[in-house]
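Trainee: I would like to learn how to read the place where two chains meet. Could you take me through it step by step?

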There are 2 protein chains.
Amino acid sequence: MKLMYAFFLTPFLATLLFSIPLAAQPPGWSEIAPGVWKSTTGRPDDLDLFNAAGIKPATGALARLGPAPFPIPVEKISCEVVNGETYLRFPLEKGEQIFGFGLNFKTVMQRGRILQLHVDHYGGSDNGRTHAPVPFYVSGKGYGVFINSSRYLTIYAGTGVRRDSPEAPEEQDRNTDKNWDAQPYSDAVEVLVPAGGVEVYVFAGPTPLDAVRRFNLYSGGGCLPPRWGLGFTQRVPTLYTSDQVEQEARAFSAKGYPLDFIGLEPGWQSRSYPCTLEWDKSRYPDPATFVTTMKELGVHLNLWTNPYISSLSPLYQKILPFTGSHTVWGGVVPDLSISEARETFKDQISRSQLSIGISGYKIDESDGYDRWLWPDVARFPSGNSAEQIRQTYGLFLQRMTMELFRQNNSRTYGLTRSSNGGGASFPYVIYNDNYSHEDFITALINSGFSGVLWTPEVRSSKTGEEWLRRFQTVCFSPMAMINAWSSGTKPWSFPDVEEEIKEYALLRMQLIPYLYTEFAKYHFEGTPPFRGMNLEPGFDEGATSELKTGSLDDNPYLEAVRKEIKDQYMTGEYLLVAPLFTGQTTREVILPRGRWFDFYTGEYAGDGEIITVTPGLEKIPVFVKDGGIVPMMMPLLHTPRTGEKYDLEIRHYGTAPGVYTLYDDDGESFDYEKGFYSWRIIRVETDKKGKLNGSISKAERVRPDNIGNVTWRFMTN
Amino acid sequence: MKLMYAFFLTPFLATLLFSIPLAAQPPGWSEIAPGVWKSTTGRPDDLDLFNAAGIKPATGALARLGPAPFPIPVEKISCEVVNGETYLRFPLEKGEQIFGFGLNFKTVMQRGRILQLHVDHYGGSDNGRTHAPVPFYVSGKGYGVFINSSRYLTIYAGTGVRRDSPEAPEEQDRNTDKNWDAQPYSDAVEVLVPAGGVEVYVFAGPTPLDAVRRFNLYSGGGCLPPRWGLGFTQRVPTLYTSDQVEQEARAFSAKGYPLDFIGLEPGWQSRSYPCTLEWDKSRYPDPATFVTTMKELGVHLNLWTNPYISSLSPLYQKILPFTGSHTVWGGVVPDLSISEARETFKDQISRSQLSIGISGYKIDESDGYDRWLWPDVARFPSGNSAEQIRQTYGLFLQRMTMELFRQNNSRTYGLTRSSNGGGASFPYVIYNDNYSHEDFITALINSGFSGVLWTPEVRSSKTGEEWLRRFQTVCFSPMAMINAWSSGTKPWSFPDVEEEIKEYALLRMQLIPYLYTEFAKYHFEGTPPFRGMNLEPGFDEGATSELKTGSLDDNPYLEAVRKEIKDQYMTGEYLLVAPLFTGQTTREVILPRGRWFDFYTGEYAGDGEIITVTPGLEKIPVFVKDGGIVPMMMPLLHTPRTGEKYDLEIRHYGTAPGVYTLYDDDGESFDYEKGFYSWRIIRVETDKKGKLNGSISKAERVRPDNIGNVTWRFMTN
């Protein structure tokens, strides 16, 4: 079809044709939003990911992305039901790379891999078992595919070779052919859906980032956290009392470290594992007063819980009729696919916690792992299978709590152990127990392909160097968190790097206007605020295969090992972040095509090249695109509250003119959903003398206008 | 039911009752052989493991094991079909340990583990993906359970905790309870069969070893290799020519190293990966003469192949109609569940190879791994699913080739990459590309629970120490193999241990009468010749839980780590083998209750205790039970041919009298199936003066009688 248009239609006519969706419908597919197609095979399950997430597609924003042709040769797609299972096939061109399939920790490029998508803790290898095994992939050719199933899907991401494929590779003779390939060329992504039917969605580009945007927007748009959610957070030891928590907040303030919210660990509950979801009166004798005091100190509170209910909880008897056949740590397992179960659960946390001003949750252990979760032979009262409940549990928990906060017109920003496709709009960040700094960065990159957020939290460290290196990354991530539930570590726990830590904590605070705007773009435009280089225009993948050295004894099939870029990423529109890990003093950074400048000095760094940097322990390398505009605020200890004015320092990098649209709203409520927000245009232009000048437009619709004085810094001279 | 008998029946009446099977039938179960029950739930698949293996239960031998009561409280078993899947549950008592689930490499005790049984290469952890993921487990309480399914079964081996279980554990409060358990007590093995029905088998004891015996006998009895199969084997580099192979054999002989068969690697074929299954005429210009010459040198030949057929093979056009939708390395994949496909395949190898005297195969890559095997969305002409073909492929390959050798009345003994439940009678040993000496021993132990054989082959080593340590183990394993396909290593490649290697190679040859008899017991009585200590009477499991030390940061759920015995094993009736690994100079050995003696010196070693040994590099510790009788022969360079006489040295250990039944037959043909074999009684008794005296009965039925002179060695004074 693509070919046909190329021959017979002028570009103008083609555009016209695509603006009339019906005419462009490929057989078996219906365009349900501009650039979004759906196809149904067989009889899909009642429970799928999109309806578990309760998505509300952002149709307006999708319309703004404009029409696009169906991006895949439709005749090369195959969907069929075979013996009660559904087999899917989507073509792959030669040289095409694909990304996604959820929160992987080791790999970025997914072509040639096999995954069984299964919500689980991350067990050390990318086999599909992860906290968010999102069945969505995006192609380097600029389109995305989503399989809307709540089943464990087996994905063959370009491995199977069909006998009858027109592009089947030639046979080779391993006896004599030195180029014999253990993995011959495969021309398709194949998927096994263990159910009698499924819905599949295709998202158009034209760029890979556009395909991701459409996927996120169709899921409802990315989440917009409250402004305080982007500030600094500390999680305190599990048996802390309210007095100790208050002292912790005062210590941050006294020492000059920013702090926006504190997370309480299991000890806030009267029992945990399983949970009562009630305050422990010995450690927290007066929760309401405690929450108020903390708010006066400028600190919100986040509560750990898991969803497994103790027989001693006031919720127990009410939720019991809606629970599964198996227990988790002796707690009953609510069937959250039943709306009444969710309402019952909401009622408990609303009365005990939201009513006194609790701001969010860390929802633990919804992912697994298998050894303590319900088995796949468990039964649930909804009749949904244990597998389906497992795949959607994180979605339901996020949805349930977000709905409650929305009812209170107060945004939340919390932590979840699991999510899945369709969850982009949920204000939750995924975390886990793994503690590899390198893997954390790879996960941050992968989160951007899959409509989820991930935090490379910092927990403990062996040395000040490690502490600082991890902390630097955390400051360029969706949630700036120290998770001290076990170790009790403070930002100042390593005296040798105490000042450097403070500097980065404050830099995080300065970046809030930029980060908040980038999250607004996630919400309104679908652009992930943290994302891999492969979504960046001008980035050459640098994808090469390397033959693993070593003997045939060790590597009998002479398997090639791929090289992929998984240690640098984009934060928002302009910032390229390239962390160093413990022990490193120097590293290579791949700068995409276009001129790039040092974030700290404004100096020219390179253009479409690999540079080597030796930044010193006190710096994490960050680079800014030519013309990049980064709006920053003063280094406050708490993010501004609703109506609190803050001054802006607008930085410009490079020599090119630039434009940035700065988002603002009240920072806390859901009123932005009713239109109470503004986009200001920040513009840097060259005057007749060649000098750079900046301007910023007035706020519209935001009441009151929060921005005070504006100063300009042209970083590159 | 057990309880009822205890109260109401005298032992005599109970025995009487059980000798009338029908009266003892537990509801839903039928006794199909003495101590073997079957239950059918739903509508099982047409293709299952037992019918893929084509088992012929050894009913006579099962009858000799005698009647036994149904070993599980039947009311605690649950089998039901739920939404097209089958859920099974079998009870577990407190303190009950279970073993099996196929060829695991890291673990022996399976309680508390979750596995998805899936034929695959072994990927580094025991998650159910292995070369022989046999759905059979044996309980320490003395019974076995087999799930006769060709599906990927998910096994919850005592992890799920049902809300309504009468033995559900008490809730704990992790906030304050130091004994909080991440894995609360579970009272059942639960299994998910992804099919609408299944057959389940229960095997009675009374001992765990009896349950294993019944399973093996129901599968047809263990394999009986030809005598030469237990001799020494070398696999030569892949591009060797017939001249080089002949030189290799002559070199072994000249240097005085035993050799019974040589394995040719892919280069014997005109093309490989995919395979033509035809000789390469440049490297093997006259295969028939070559095979004859080798036989004259006393050396049989084994041929590597995989089952994926090249378009250049004479087999290609004939097999094409019976092949699957996907290729492997460009080769077509025969659907071996179709009998015509097997016959076509057999015809090719019969004409090209068996007809000129080839003695066996190494059948490679029938296991996986996923990246190059057919995907689960592949289609096969039989209509069986790709999953089912995957689970049974190793069985069909073994069955097909064994049938061919049986037609020729010439036994074979070869290598396979995969097997499954029901394959005990196939004369194949499993191997893989993993190369951990420790894991190899654990696999050897696990092979004994599952009706498969495994070889801890030796391939290459960094040092003479490693070479010798690996080699010592190989000599006490089902196949004494050096796999030099890549490295070309010879037994004498490490001059510093050349003599010690020769000594063990010759010891292997001396042990042939004992090993051959132990294999005969595998065949006629079901007793695995190599097995773990947990099947040994008098062995205390030494199973303890240890809390992993370290911080909550590293181990947030405070998971207990189990201690299990996976580095010592039994070879045949009397020998306990305790290998040392590279770097070890000393180790602990657990001696079961009863007096044990050093194999080399006859000295007393201990009784029901843990001893520490420091054997020196030149020895692998081996211990013999009190009264143990080990018939040995002279250290020949080739095992005796049919009719060739050999002298016996019969060793006795300890101070107790003993009896051993020595097996013999022609060593090569299938005539033993028609009764042409003998069991001689070797008896050591104490005379009136307290002196030990030995006697051996005459051979019966074997023509001719192979045993020459008999000498006696009473090892313990």
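**Reading an interface**

Mentor: Let us begin with polar contacts, pairs of N or O atoms within 3.5 Å in which, within protein, one must be able to donate a hydrogen and the other to accept it, while residues adjacent in sequence count only if both atoms are side-chain atoms; across the interface of chain A and chain B, 34 residue pairs are in polar contact, both at pLDDT 80 or more. This is a predicted model, in which local features need pLDDT of at least 70 and side-chain atom pairs count only at pLDDT 80 or more, whereas totals for chains, interfaces and linings use all residues. Residues are numbered from 1 along each chain as its sequence is written, chains are lettered from A and ligands numbered from 1 in the order in which they are written, and side-chain values use heavy atoms, with hydrogens and water left out.

Trainee: What is the count of salt bridges between chain A and chain B?

Mentor: A salt bridge is a side-chain nitrogen of Lys or Arg within 4 Å of a carboxyl oxygen of Asp or Glu, and the count between these two chains is three. A:Arg379 forms a salt bridge with B:Glu80, where the closest N and O atoms are 3.4 Å apart.

Trainee: How many residues does each chain bring to the contact?

Mentor: With contact meaning heavy atoms within 4.5 Å, chain A gives 75 residues and chain B gives 75 residues. Since 100% of the interface residues of chain A are also interface residues in chain B, the copies meet through the same surface.

Trainee: How much area do chain A and chain B bury between them?

Mentor: Buried area is the accessible area (1.4 Å probe) that two parts lose on being put together, summed over both; here it is about 6,400 Å², with 48% of it on carbon and sulfur atoms. In chain A, the residues that lose the most area to chain B are A:Arg163, A:Glu171 and A:Asp553, together 13% of what that side buries.
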